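Have the structure open as you read.

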Amino acid sequence: MKRSIPVFTMVIICFFTMMGCRPSVTIDPDTIAYRPLDFSPQQPERVELPNGIIIYILEDHELPLLNVTAVARTGSMYDPVGKEGLAELAGIVMRTGGTAAMTGDAIDAELDFMAGNVSVKIEKDTATISLSVLKGDSEPGMKIFSDILMHPAFEEKKLQEKKDLKIEMLRRIYDNPRNMAFREFSHIMYGDNPRGRLSTVSSVGAITRDDCVMFHNQFFFPRNIMISITGDTTTEDAIALINRHFAAWRLSGDIPRVPLPNVNLKGSVNFLFKDLPQSIIIMGLFAPGKYDPDHYAFEVLDFIVGSGGFRSRIFGTIRNRLGLAYSAGSFYSPRNEFGVFGAYAMTKAETTAQVLSVLRSILDDAKDVGVTDEELFWAKRSIINNFVFSFSSAEKISMQQLLLEYHDLPQDFLTSYRYRIDSLTTSDLLRVAQTYFTVDETTVFVLGNEEKFDMPLSTFGMVTEVRRDDAEVGNSNENP
Amino acid sequence: MMNKHWTNIKSAVSRNVLFAVITAVLLLSGNALANAAYAFDLDKIVRAYTLENGLRVLVAERHFSPTVSLYIRYKVGAVDETNEQTGAAHLLEHMLFKGTKTIGAIDWRREQPLLEKIRVIIKAIDGETMKGDAADKGKVEDLHRELTLLQEEARSLFRENEIDRLYTENGGLDMNAYTSYDQTTYFVSLPSNKIELWARIESDRMVNPVFRDFYSERNVVIEERKQTVDSNPGRQLMEQFLAAAFMVHPYRRPILGWESGIRYLDIDYLRHFFTAYHSPDNTIIAVAGNVDPDEVMQIIRKYFGSIPKQGTSARFIPEEPKQSGEKRIEFVSDANPELIIGYHKPTLPSYDDYVFDVINTILSKGRTSRLHKLLIEKKQIASRIDTTNGFPGARYPNLFVFFATPRHPHTNDEIERAVYEEIARLQHNPVPETEIKKAKNQLKADFLRSLDSNRGLAGMLSYYEAIAGDCRYISNHLDVIDKVTADDIIRVANEYLNADNRTVARLERRNNTSSTLHLSE
């Protein structure tokens with residue numbers, strides 16, 4: 001039942017004799033000699049219960065706390081049509097709506113008194129259920145946590161309360177331009193794919209207690225759950241604790257497959273009006289997923305283009321040199337089979353077109369000319385040297401291992417990671433830039449007041465206006 | 001009780017160091033955390049040192065992973081600016097990422113006179129544009145052209161963003177800085193063998209920063225303001241609220257500055273502000289992670305030990321006169337309603353500030369807190385209710401604040417009434433023992449959780465050392481909290497949470513704009 005995980009040692013930058021340095025404060029920072037960093041991260045124990053629940057355990061006795069996190073394969077992308085928002089709401093009401101053993105109010109009272117936290121968060125493709133308690137409260141804490149996972153009651157009153165609050169949140173979405181922009185951007189990128197559907201006042205209003213019960217029955221069964229336990233406990237105690245609360249759970253099920261999004265989008269320019277002094281600009285493209293060998297090269301490319309901080313091209317150009325934005329950069333979110341890349345900037349309305357042109361030229365340049373040796377060296381060193389932070393807490397280490405298994409990634413994903421990054425060349429990056437930075441597949445999204453723009457958006461292609469009513473109720477049919 | 005835990009430790013390496021360490025003391029009361037369930041002995045891991053130049057250093061040793069978090073807190077913030085230069089502390093924080101005479105410089109001797117010319121031109125542009133409609137537009141255009149040419153030439157003489165490059169390339173995580181009303185903070189986490197890099201960079205920018213790209217960075221801050229304030233009705237309401245709650249104390253001014261003021265922030269004033277307040281005797285360093293304190297101190301002495309202290313002098317900060325009568329602000333926007341209510345109160349280490357920590361927890365922390373139960377579950381009139389003790393800073397007397405958003409179709413009026421009812425309950429009925437106990441448990445557990453990362457620990461140690469003058473405030477805090485009684489709560493609620501001491505700011509939707517969503521579908 002146990003599977004051993006290869007132990008590896010990290011040695012980062014192998015110069016020595018820090019002590020022998022001359023005490024000169026003007027030493028070139030690039031020539032400082034560092035002692036080697038020998039590090040063998042602790043390995044979590046992996047245990048599989050007879051009912052199929054997989055557990056990762058890592059002891060850490062510094063603070064008298066116990067942290068437990070369960071992940072389950074579910075998410076808003078499984079929401080039935082017309083019931084968008086179900087997964088998110090059901091997750092919240094699992095936490096607040098009581099269990100077979102206790103009312104929601106009783107659970108709140110007990111958790112608050114022991115200063116414990118239980119949270120349930122359900123996103124597009126994953127549910128995360130967490131417990132944090134003082135060590136002495138492990139037993140009552142785990143009782144509540146396990147009941148919430150296995151036997152939620154979904155009290156009607158609590159469901160109604162959360163529906164009302166969700167509707168209020170939707171009403172207020174337009175008060176926060178950034179949230180509004182990223183919500184619409186995601187909707188446009190995914191198009192008709194279930195990942196792109198948005199919850200609306202009517203879809204939230206339509207959700208019933210029965211929907212929540214069905215949702216829970218469909219996705220919460222032992223083989224779909226993995227649990228990480230870390231903190232001030234022993235491995236034996238942790239296994240016993242989980243066994244006491246979960247061993248009798250015997251259900252099974254199947255998780256439906258959600259079709260992949262259409263990653264070959266036709267390029268489009270989309271505009272959403274809001275009278276703001278500053279525009280939000282996002283340029284989106286599909287990118288490789290974690291299973292794709294191009295994943296590593298794309299990660300480094302993204303770092304150089306926009307996610308690597310001040311030195312990255314977007315930040316360096318738009319913020320630093322031109323002073324045209326406070327926030328500017330890029331993001332790369334790799335899922336298993338595909339990824340999403342976005343380049344973004346927020347700039348005053350009067351420089352919207354200028355900044356959009358600069359963003360486009362930065363992507364074009366990466367595709368046409370590529371990155372320099374110096375940039376590649378900087379990006380590789382940054383990513384490799386930063387890797388040690390993946391192991392900076394017991395919880396991180398345990399979750400890291402758990403998620404590798406959850407995502408069906410190879411066992412050597414982490415151990416080979418630094419090697420794979422280190423072996424990349426500028427031609428690898430040029431190749432992935434040419435493959436993925438395709439102008440005619442770029443989704444451009446701009447939020448702002450076009451009257452104040454320096455040039456009309458139509459300069460960049462035919463503009464599709466995201467109509468406000470459509471955006472509000474989330475049933476736009478104008479996606480590419 | 002606390003003094004018996006102070007132990008002087010002579011530095012073993014002092015003979016090699018010009019400015020030797022004076023003392024090293026073991027910190028924090030060992031039995032501070034009375035309740036065994038919360039026991040965590042900071043004594044064992046935290047040491048404090050003071051260099052001869054006044055630099056205060058706290059080192060916390062912990063060994064889970066080979067990483068370290070490093071904080072530098074300058075005890076200077078937005079409150080220390082003059083009125084005319086509101087936003088200077090924050091812009092200065094941005095400028096301190098532009099490198100030094102030796103970091104980022106390619107040819108300092110050629111760059112320096114260019115930067116001087118640029119400085120003069122920027123001042124000339126500002127002087128002219130400040131005239132408004134009377135400004136000589138042609139002159140401004142000429143000056144801009146000249147500025148652009150000089151900037152291009154200067155840029156060929158330095159490497160941009162070298163500080164960021166050095167940290168990032170060496171594995172730095174979360175490198176950032178922030179300016180608050182009370183202090184300015186620079187932090188980064190590094191692999192624990194890279195502390196010398198941090199010391200090299202930070203000691204240099206404490207002495208030799210170069211304000212490169214000043215003109216475009218000022219524009220970046222204007223964009224920052226457009227993004228975080230002008231596009232955010234909640235933040236605009238907050239600005240109005242603070243400007244009303246404080247009549248003369250600088251907590252009334254926005255940290256970013258007002259847009260018209262940011263445009264003319266003066267490079268010479270920034271230089272003066274830097275020199276006057278970024279001195280080792282006005283600075284706290286905290287290091288938490290897998291380190292050997294002796295080794296850390298050897299590096300810190302080597303790099304920071306010879307920086308002379310400026311003898312930072314006391315500044316006059318106007319005291320807020322006692323409020324006697326409610327103040328009300330209405331802010332109209334096309335956004336949904338929001339509400340802020342604040343009451344003046346003393347800051348730490350006043351005993352009443354501790355009582356407010358307990359009140360804060362009782363009112364709004366957790367799903368069983370009083371305001372959550374009443375406003376969100378029972379009356380169902382709010383979608384958000386929160387309270388904060390010690391807003392917007394802690395160096396000076398501050399506010400206890402309620403933040404709420406009504407749930408449509410309910411109004412700010414209804415929320416206000418409900419909040420005042422709840423305050424009246426606190427003023428007249430003793431809070432039951434179990435409820436006080438619950439709040440204390442929550443405060444203790446929150447404290448423990450905040451220690452769960454190197455960053456959390458270094459952040460907290462340096463914060464309280466800077467604000468309270470002693471990081472032992474952290475663990476003593478829980479001892480004092482334990483003493484708070486139901487009578488204390490009644491007394492404090494009556495003394496401070498009354499109408500005459502109150503400022504109310506309400507965001508109301510403009511009449512001619514409809515709600516953004518159609519609820520009847």
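## A helix with one buried face

Start with helix H15 of chain A, residues 426-436, where A:Leu429, A:Val432, A:Ala433 and A:Tyr436 are buried. "Buried" here takes 20 or more other C-beta atoms within 10 Å of the residue's own, with 12 or fewer counting as exposed, anything in between as partly exposed, and C-beta atoms placed from the backbone. Look down the axis of H15(A) and its buried residues fall within an arc of 105°, so they line one face of the helix; the arc is taken from the directions from the helix axis to the C-beta atoms. The cover over these residues includes strands E10 (278-288) and E12 (338-348) of chain A, along with helices H9 (295-307), H11 (352-368) and H12 (373-386) of chain A.

A few ground rules: this is a predicted model, with local features needing pLDDT of at least 70 and side-chain atom pairs counting only at pLDDT 80 or more, while totals for chains, interfaces and linings use all residues. Residues are numbered from 1 along each chain as its sequence is written, and chains are lettered from A and ligands numbered from 1 in the order in which they are written. Helices (H or I, at least four residues) and strands (E, at least two) are DSSP runs, numbered from the N terminus.

## The sheet in chain A

Six strands of chain A make an open, mixed sheet, in the order E11-E12-E10-E13-E9-E14. Strands count as paired when DSSP finds at least two bridges between them. The edges belong to E11 (328-334) and E14 (463-465) of chain A, each with a single partner strand, so one side of each has no neighbour in the sheet. On average, neighbouring strands are turned by 20° against each other, direction ignored.

At one end, E9 (268-273) of chain A runs parallel to E14(A), the two pairing over three bridges. A:Phe271 sits opposite A:Glu465 in E14(A). Helix H10 (313-321) of chain A packs on the sheet, touching E11 and E12 of chain A, and its direction makes about 155° with that of E11(A). Axes are lines fitted to C-alpha atoms, for helices over the stretch in contact, and angles run from 0 to 180 degrees between N-to-C directions.

Chain A splits into domain 1 (45-246) and domain 2 (268-473), with bounds from an automatic or database domain assignment. Their C-alpha centres are 30 Å apart. In all, 22 residues of domain 1 of chain A contact 23 residues of domain 2 of chain A, a contact being C-beta atoms, placed from the backbone, within 7 Å. H5(A) gives the most to the domain 1 side, with eight residues.

One residue of helix H5 of chain A is A:Ala181. It counts as buried because it has 22 C-beta neighbours inside 10 Å. Leaving out residues up to four places away in sequence, A:Ala181 touches A:Ile280, A:Ile282, A:Phe445 and A:Leu447.

## Between the chains

Over in chain B, the assignment gives domain 1 (106-157) and domain 2 (327-509), with C-alpha centres 48 Å apart. Chain B puts 69 residues in contact with 69 residues of chain A. The largest share of the chain B side, nine residues, comes from H6(B).

Definitions and conventions: Two residues are in contact if their C-beta atoms, placed from the backbone, lie within 7 Å.
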